[in-house]
Amino acid sequence: MKKPYTLTIFVENNPGVLHRLTVLFTRRRINIDSVTCSATEDPRISRFTIFVGLEERLVPTIVRQICRIIEVQQAYASEDEDLLYREIGFFKICMASEELRAEIEALAKQHAATVAHVETSHIFLEKTGSEEELTEFYKVFEPYGVQEFVRSGRIAIRRRPLSSEIGIPLQHLQIEPGTAGDMV
């Protein structure tokens with residue numbers, strides 16, 4: 001049975017790394033639900049956050065294969081309870097009148113969303129949360145006429161030290177102190 005896992009991968013900031021990572025998943029016929037890449041405090045190191053559904057027995061194998069990619073400095077898999085994670089969603093909603101605008105803004109505030117931009121015929125809302133929270137938010141505003149919806153990939157940070165995650169133990173890192181290794 002597949003479970004959700006967040007893979008965190010620190011890599012050398014070189015061209016082609018994303019391709020090498022995605023080929024690994026493609027060959028195993030694993031669908032990536034989301035992928036996010038960001039800078040770290042060290043400009044030579046990038047952080048990939050990949051959200052996938054995997055069978056538990058495959059997780060160690062996938063992490064080991066990721067670690068075989070030359071540019072990978074560290075990789076580990078985490079379950080949701082070990083992470084603080086979020087996504088961001090933008091919602092473009094039809095707005096026929098000022099009364100409707102006030103109603104939409106009040107409803108957005110009730111759901112901890114913000115108004116990102118307003119035009120004469122549309123209002124743009126921004127909501128941060130889990131995939132489930134963004135889906136529920138969408139359902140609330142669907143009757144108002146959601147014209148566009150876009151959701152980012154997952155970003156995540158570990159709540160506690162590496163313990164139940166599957167990956168390279170911290171003492172085996174090849175990253176110098178003061179670089180990406182200190183973030184984990």
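The legends below describe close-up views of a predicted model.

**Figure 1. Confidence along the chain.** The mean pLDDT of the chain is 87, and 87% of the residues reach at least 70. Residues 168-184 stay under 50 in pLDDT. For this stretch the model has 35 contacts beyond four places in sequence.

**Figure 2. The buried face of helix H1.** Helix H1 covers residues 17-27, and its buried residues are Val17, Leu21, Leu24 and Phe25. Viewed down the axis of H1, the buried residues lie within an arc of 95°, so they line one face of the helix. They pack against strand S1 (2-12), strand S2 (32-39), strand S3 (45-55) and helix H2 (59-67).

**Figure 3. The other face of H1 and the residue that follows the helix.** His19, Thr26 and Arg27 are exposed residues on the face of H1 turned away from its buried side. Just after H1 comes arginine 29, with a positive phi of about 60°.

Figure 4. Threonine 49 belongs to strand S3. Its relative accessible area is 4%, so threonine 49 counts as buried. With neighbours within four places in sequence left aside, threonine 49 is in contact with Thr6, Leu7, Ser34, Val35, Thr36, Arg154, Ile155 and Ala156.

**Figure 5. Glutamate 56 in the loop between S3 and H2.** The loop between S3 and H2 holds glutamate 56, which is partly exposed at a relative accessible area of 48%. Not counting residues up to four places away in sequence, glutamate 56 touches Met1, Lys3 and Tyr5. Glutamate 56 and proline 4 are separated by 52 residues in sequence, with their C-alpha atoms 9.3 Å apart in space.

**Figure 6. The salt bridge between aspartate 42 and arginine 44.** Side chains of opposite charge can pair when their charged atoms come close. The model has eleven salt bridges. In one of them, aspartate 42 meets arginine 44 with an N to O distance of 2.7 Å. Aspartate 42 is buried, at 6% relative accessible area, whereas arginine 44 is exposed, at 51% relative accessibility.

**Figure 7. The salt bridge between glutamate 55 and arginine 57.** The closest N and O atoms of glutamate 55 and arginine 57 are 3.1 Å apart, and the two residues form a salt bridge. Glutamate 55 has a relative accessible area of 27% and is partly exposed. Arginine 57 is exposed, with 61% relative accessibility.

Figure 8. Glutamate 98 and arginine 101 both lie in helix H3 (residues 98-110), three residues apart, or about one turn of the helix. Their side chains form a salt bridge in which the closest N and O atoms are 3.9 Å apart. A nitrogen to oxygen distance within 4 Å is the criterion for a salt bridge, so the pair at 3.9 Å is counted. Arginine 101 is partly exposed at 26% relative accessibility, and glutamate 98 is exposed at 52%.

Key:
Residues numbered from 1 in each chain as written. Predicted model: local features only at pLDDT ≥ 70, side-chain atom pairs only at ≥ 80, totals over all residues. Heavy atoms only, no water. pLDDT = per-residue confidence, 0-100. Contact = heavy atoms within 4.5 Å. Buried < 20%, exposed > 50% of the residue type's maximum accessible area, 1.4 Å probe, protein only. Helix = DSSP H or I, 4+ residues; strand = E, 2+ residues; numbered from the N terminus. Arc of directions from axis to C-beta.
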